[in-house]
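Me: I am new to this structure. Can you take me through how to read its features, one by one?

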Amino acid sequence: MATSAALAALSATATAAGKLLLLPRPSSAASSLSFASRRLGAAGSLRARGLPGSPVRAAASSASAPPAAAAKTIAVGDRLPDATLSYFDSPDGELKTVTVRDLTAGKKVVLFAVPGAFTPTCTQKHLPGFVAKAGELRAKGVDAVACVSVNDAFVMRAWKESLGVGDEVLLLSDGNGDLARAMGVELDLSDKPVGLGVRSRRYALLAEDGVVKVLNLEEGGAFTNSSAEDMLKAL
């Protein structure tokens with residue numbers, strides 16, 4: 001107030017003397033700074049009194065949605081979750097898709113999973129075993145035998161060709177791991193140096209009209225009870 005009165009008096013004196021005195025306007029930066037300082041001070045006083053101020057915004061921003069719960073591991077008696085799988089029915093054929101629902105509806109289907117195409121146990125034992133026993137499985141009433149892996153459809157086709165697999169076993173790609181995730185059988189191999197990432201546990205199951213009747217689920221990628229021979233014994 002004293003400063004304003006002094007400036008006014010100075011201006012009046014200059015006018016009387018016939019001189020025009022230009023007074024500098026307060027800088028907007030200084031004005032903004034003082035305003036911001038007042039706002040900060042007000043927020044500080046609110047916090048000091050325990051009133052809702054900035055902490056409300058902090059609490060709201062720190063709140064986040066809880067992580068999605070992992071799916072329950074599939075069990076005998078459960079219905080298989082639906083998912084879309086892809087495959088090539090021939091070396092030069094077009095990419096096709098099939099849902100788990102359509103694959104199993106009204107049929108007896110043996111579905112077995114491997115952690116990865118071209119990996120040693122899957123290539124040397126698991127898949128070849130089902131190829132060799134496909135006829136015996138069908139003789140026991142199985143309508144279809146399918147292998148699924150968290151690999152893309154191109155890799156599955158190349159794997160099929162490398163082993164000379166015909167129509168004995170349908171090789172299906174669960175490329176994004178949707179089926180493995182929905183079944184609760186994901187296998188995290190991210191710590192392995194070969195770069196497998198998240199795959200599927202090894203298993204073999206029999207589904208009748210989409211409902212699991214037999215389930216041989218391995219621990220991780222072990223191969224102890226999910227062979228074609230084990231499935232034949234269970235039928």
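Me: Is Cys 122 buried or exposed?

Reply: Compare its relative accessible area with the cut-off: buried means under 20%. This is a predicted model. In it, Cys 122 has a relative accessible area of 1%, so Cys 122 is buried. The unreviewed UniProt entry annotates Cys 122 as "active site".

Me: What is Cys 122 in contact with, leaving aside its neighbours within four places in sequence?

Reply: A contact list shows what surrounds a residue. For Cys 122 the list holds Val 114, Pro 115, Gly 116, Leu 127, Pro 128, Trp 159 and Arg 202.

Me: Which helix does Cys 122 lie in?

Reply: Helix H5, residues 120-139. To read a helix, start with its span. H5 has 20 residues and reaches 29 Å from first C-alpha to last, close to the 28 Å expected. Next, look for bends. H5 has a kink of about 55°, centred on Lys 133. Then check what follows the helix. Just after H5, Gly 141 takes a positive phi of about 100°.

Me: Which residues of H5 are buried, and what do they pack against?

Reply: The buried residues are Cys 122, Thr 123, His 126, Leu 127, Gly 129, Phe 130, Ala 134 and Leu 137. They pack against several elements, including strand E3 (108-114), strand E4 (144-149) and helix H6 (153-163). Strand E8 (203-208) and helix H8 (228-234) are also among them.

Me: How many aromatic pairs does a search of the whole structure find?

Reply: It finds 3. Read each pair by ring distance and plane angle. Phe 112 and Phe 130 are stacked, at 4.0 Å centre to centre with 10° between the planes. Phe 112 is in strand E3 and Phe 130 in helix H5, so the pair ties together parts 18 residues apart in sequence. Phe 112 counts as buried at 0% relative accessibility, and Phe 130 is buried at 0% as well.

Me: Why is the pair of Phe 118 and Trp 159 tilted?

Reply: The angle decides: planes under 30 degrees apart count as stacked, over 60 as edge-to-face and the rest as tilted. Here the planes stand at 45°, so the pair is tilted, with ring centres 6.5 Å apart. Phe 118 sits in the loop between E3 and H5, and Trp 159 in helix H6, 41 residues apart. Phe 118 is partly exposed, at 46% relative accessible area, whereas Trp 159 is buried, at 0%.

Me: How many helices and strands does the chain have?

Reply: The count is 8 helices and 9 strands. Of the 235 residues, 34% count as buried.

Key: Residues numbered from 1 in each chain as written. Predicted model: local features only at pLDDT ≥ 70, side-chain atom pairs only at ≥ 80, totals over all residues. Heavy atoms only, no water. UniProt positions renumbered as here; feature names shortened; annotations may be inferred. Helix = DSSP H or I, 4+ residues; strand = E, 2+ residues; numbered from the N terminus. Buried < 20%, exposed > 50% of the residue type's maximum accessible area, 1.4 Å probe, protein only. Contact = heavy atoms within 4.5 Å. Expected span 1.5 Å × (residues − 1). Bend = angle between axes of the 7 residues up to and from the residue. Phe/Tyr/Trp six-rings, centres within 6.5 Å; stacked < 30°, edge-to-face > 60°.
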